[in-house]
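Good morning, and thank you for the time. I would ask you to bring up the sequence and the coordinates while I speak.

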Amino acid sequence: KKNLIIFGTRPEAIKMAPLVKEFLKNSEEFDTRVCITAQHREMLDQVLTFFEVTPDYDLDLMKPNQNLYSLTADIITNLKPILEEFKPDYVYVHGDTTTTMAASIAAFYSGAKVCHVEAGLRTFNKRSPFPEEVNRSIAGSVSDYHFAPTTTSKQNLLNENISENSILVTGNTVIDALDFSSGKVTSSQYSDKEVEQLISIVDNSKKLILVTGHRRENHGQGFINICSALKEIAEQNSDVQVIYPVHLNPNVQKPVYELLADIDNVKLIDPLSYPAFVWLMNKSYLIITDSGGVQEEAPSLGKPVLVMRDTTERPEAVDAGTVFLVGTNKEKIVKETNNLLNNEDAYLKMSKLHNPYGDGTACSKIVNFISNL
Ligand code: UDP
């Protein structure tokens, strides 16, 4: 069976790398090739190096001032000769990017079976300022097989009249990626300049709170509230160290540096590469974030997550209790953080919950499914 696995951004690379590795382990049955569109360039390459995945085809499509029209057209046009030459039986796309949408259409044109990994997530808001909902819906509608991370995502697909026997609930491949990465970065042989720098910053005598935030919905008053809350938490709890890799967007940088730069137990650092971030998640006591991916990853490391959003497209985590929505209300962030810092029972209960996003076996489930077709 011939497989072509296509992706283009950093999060897709993180979530597809373990699938590539699983198929390559079964090289007698599968001829598996990897094609990257390089919709993101540098961050994608870092992840590929870390996972030791070498692409067979590199479309290298990142351009200054990239726009969705030309990117979509370029992906489809550039995939044509690859699809015609390799003639894959199965093409795999992931998630909800422009690469996902355009590659699924190209694969459909070629006659290959289209397989959508992380299928069935829905916000039910196609007219949001971002194209993700439309991207994942289009990929879903041209796909032959749907690998859904949870039963909620499976139900979304069933509601769109997708046949049940084309859907497999696998868990999210991000957990497979995390198992690999966490094992690698915490081993004694692992060395990495960024991790060395982190080792010199982390104060092992304190409880580490890891903070990340980038969402546009929190720009403005949201980030001001978040930073005021972090300031209060750090000042009230001298046994705590806050480490915050600050997103490069000026709307994030400005309030963060204005409000948090001069506090002893708050360290503001540059955004981290994926392996260094995984290392720091492992070291942390709890995580405060507005990131989607981190909500899926942290429960597998036993780290409670407070989410600085009012709504989430990851209701499974809220239902399971592995994350807690605190919005951007200062008092609420301070109160819930202090609760997890000072109430050991509440902390232990949250950190021992089962991760609703899977157990690290998503990729082997996908490979078995394709093998049995
Ligand atoms: N991440 C990273 N470095 C950072 C912050 C996050 O490598 O400084 C990783 C994180 O482990 C997760 C992914 O990037 O796998 C999530 O990305 P982000 O929060 O930017 O996007 P979202 O998940 O909200 O789409």
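I begin with a helix pair: Leu 178, Ser 181, Ser 182 and Val 185 in H7 meet Tyr 274, Pro 275, Val 278, Trp 279 and Asn 282 in H11. Contact here requires C-beta atoms, placed from the backbone, within 7 Å. Of the residues in this contact, six are nonpolar, three polar and none charged. Ala, Val, Leu, Ile, Met, Phe, Trp, Tyr, Cys and Pro count as nonpolar, Asp, Glu, Lys and Arg as charged, and the others, Gly among them, as polar.

This is a predicted model: local features need pLDDT of at least 70, side-chain atom pairs count only at pLDDT 80 or more, and totals for chains, interfaces and linings use all residues. Residues are numbered from 1 along each chain as its sequence is written.

Turning to the domains, the assignment, automatic or from a database, gives domain 1 (2-172 + 359-371) and domain 2 (192-351). Their centres, taken over C-alpha atoms, are 30 Å apart. In the contact between them, 10 residues of domain 1 meet eight residues of domain 2. The largest share of the domain 1 side, three residues, comes from H2. That side divides into five nonpolar, five polar and no charged residues.

Finally, the overall dimensions. Along its principal axes, the C-alpha trace spans about 60 × 40 × 40 Å. Among contacts with a separation of 6 or more, 69% join residues 24 or more positions apart. Buried residues (20 or more other C-beta atoms, placed from the backbone, within 10 Å of their own) make up 46% of the 373 residues.

Notes: Two residues are in contact if their C-beta atoms, placed from the backbone, lie within 7 Å. Helices (H or I, at least four residues) and strands (E, at least two) are DSSP runs, numbered from the N terminus. A residue is buried if 20 or more other C-beta atoms lie within 10 Å of its own, exposed if 12 or fewer, and partly exposed in between; C-beta atoms are placed from the backbone.
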